[in-house]
Amino acid sequence: MENEDNKVRQNIWLIIAAVGMFTFMSTLDSSIINIALPVISKDLAVPMNKATWTVSIYLIFISGLLTFFGGLGDQIGKIKVFKIGTYVFTIGSLLAGINAGLWFLLFARIVQALGAAMTMSNSFGIITGMAPLKMRARAMALNAMFVSLGTITGPGLGGLILEHFKWSYIFWVNVPVGIIAIIIGMKVLPQEVRTTKKINFDYLGIISLFLTISIFFLGVNIGQEQGFLEVIPLGLFVGSLILLVYFIIHELHTDKPLLDLTIFKSSLFTISLIAAFLIFTSNFFINVLLPFYFENLRGASSGTSGIYMMIWPVTMLIGTPIAGYIADKFDQEYVTLFGLTVLALSFFGWRVVNEGSSLLFVGMLLILGGVGMSFFQTPNNALIMTNVPRAKLGVAGAMNALARNLGMISGTSLVTTILYFAMSQKIGYTITSYPTHDSSVFVYGMHIAFTSATYIISFTWLLTLYRVWMKVKKN
């Protein structure tokens, strides 16, 4: 028995490494392309608003398909779906680097998104199912580290690549890493016993959820260009809401639902999921604002900007294993609350940063943010995945990934909306680009945006405190 436990201990880290590599790459590709958009727009000779669809189409397809692939993993095997996804994503990455025009790039991004949805939706379920309970937080910590590294590293790594190579390499860098991860996966990922003989597809659920998410974020994209109160964005939001209501009613009355809504009966699961969404929303304020801060306001090169932005993920690389160990030894909810407190302090500090701020102070804020995120995400993921039945781990993992992706999209849309609205209010007319003639306008908009992010984190802190209070009251 002890030898079996040792074997599990040895293999679980290799399994997480294989799973984590694709988790890293799929989340990386949701943010790394942002910094390359001006180059891609110029190279493909397309307007910037069309180039941004390379970002949107990737996130929309992933978000729309996560729940489907999570449910499929519960039926035919999470490892099987994950493995197929690794091949699809690696092929998509190879295709995406081929300069054959915008439409081909969009097609390649859809292929990438299909593979990413397969891997993202089942990674948490694979790790939860294989890691012993007493080391689950540490296992989640390592996977969470790959998630956050991919999310935060994108602009920094993208800047470094673009300074020395063509934009194609921001996709091609995935190919050798993907091949290595596939080889490791072939060696360490075990065979699964299929849990059901017949595969059940909730076609109406699949279609209505995909359309709900796609139409909503189409409205967000168009709203950023035209204004959110214009006829087309408002119509899309209303249509998305109607589809969401239909999806919920359908799922509650069908025999084999795409998403078993009973998992939300666990308040711990639901609150942890909401917290994940809100924190990823606020974290993407960093991704959008800091390239402007370093490159436009401070005049740094994209490479230098990338090095500074790597401080956060490097801190997480160190802090996440420590947070995982602590979360296995102490109450995970208290560790989550501590992480949120540190994260809130970090964002509060950004409210006083300007063009004359010490770069040492800026670096300390990034370190503080990395520590806070490490101590939040590790136990929060464990709370999400340990509060659902084993048979629903695939769907739970998909919902966790969906909350993360929706947070990324919402954060990007929210921060740009707040930033440009605040700058427009400051300057007295509508502005949709960096104000090169007056840097104080950007500083004002940046402070308003970071203040908004601080409010989001503070609300998440209160939500988590309520969760702790309910637990204490129950006991």
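This dialogue walks through some features of a predicted model.

Colleague: What should I keep in mind about numbering and confidence before reading the model?

Modeller: Residues are numbered from 1 along each chain as its sequence is written, and side-chain values use heavy atoms, with hydrogens and water left out. The model is predicted, and local features need pLDDT of at least 70, side-chain atom pairs count only at pLDDT 80 or more, and totals for chains, interfaces and linings use all residues.

Colleague: How many helices and strands does the protein have?

Modeller: Helices (H or I, at least four residues) and strands (E, at least two) are DSSP runs, numbered from the N terminus, and here they come to 18 helices and 0 strands. Of the 475 residues, 57% count as buried, where buried means under 20% relative accessible area, exposed over 50% and partly exposed in between, with a 1.4 Å probe and protein chains only.

Colleague: Where does α14 bend?

Modeller: The bend at a residue is the angle between axes fitted to the seven residues ending there and the seven starting there; α14 bends by about 35° at Gly319, with a proline, Pro321, following within four residues. The end C-alpha atoms of α14 (residues 311–329) are 27 Å apart, which agrees with the 27 Å that its 19 residues should span. Gly319 is itself among the buried residues of α14, as are Trp312 and Met316.

Colleague: Which residues does Thr412 touch beyond its sequence neighbours?

Modeller: Thr412 lies in α17 (residues 393–427) and counts as partly exposed at 24% relative accessibility. Leaving aside neighbours within four places in sequence, Thr412 is in contact with Gln224, Phe284 and Val288. The C-alpha atoms of Thr412 and Val288 are separated by 6.8 Å, although these residues are 124 residues apart along the chain.

Note on methods
Expected span 1.5 Å × (residues − 1). Contact = heavy atoms within 4.5 Å.
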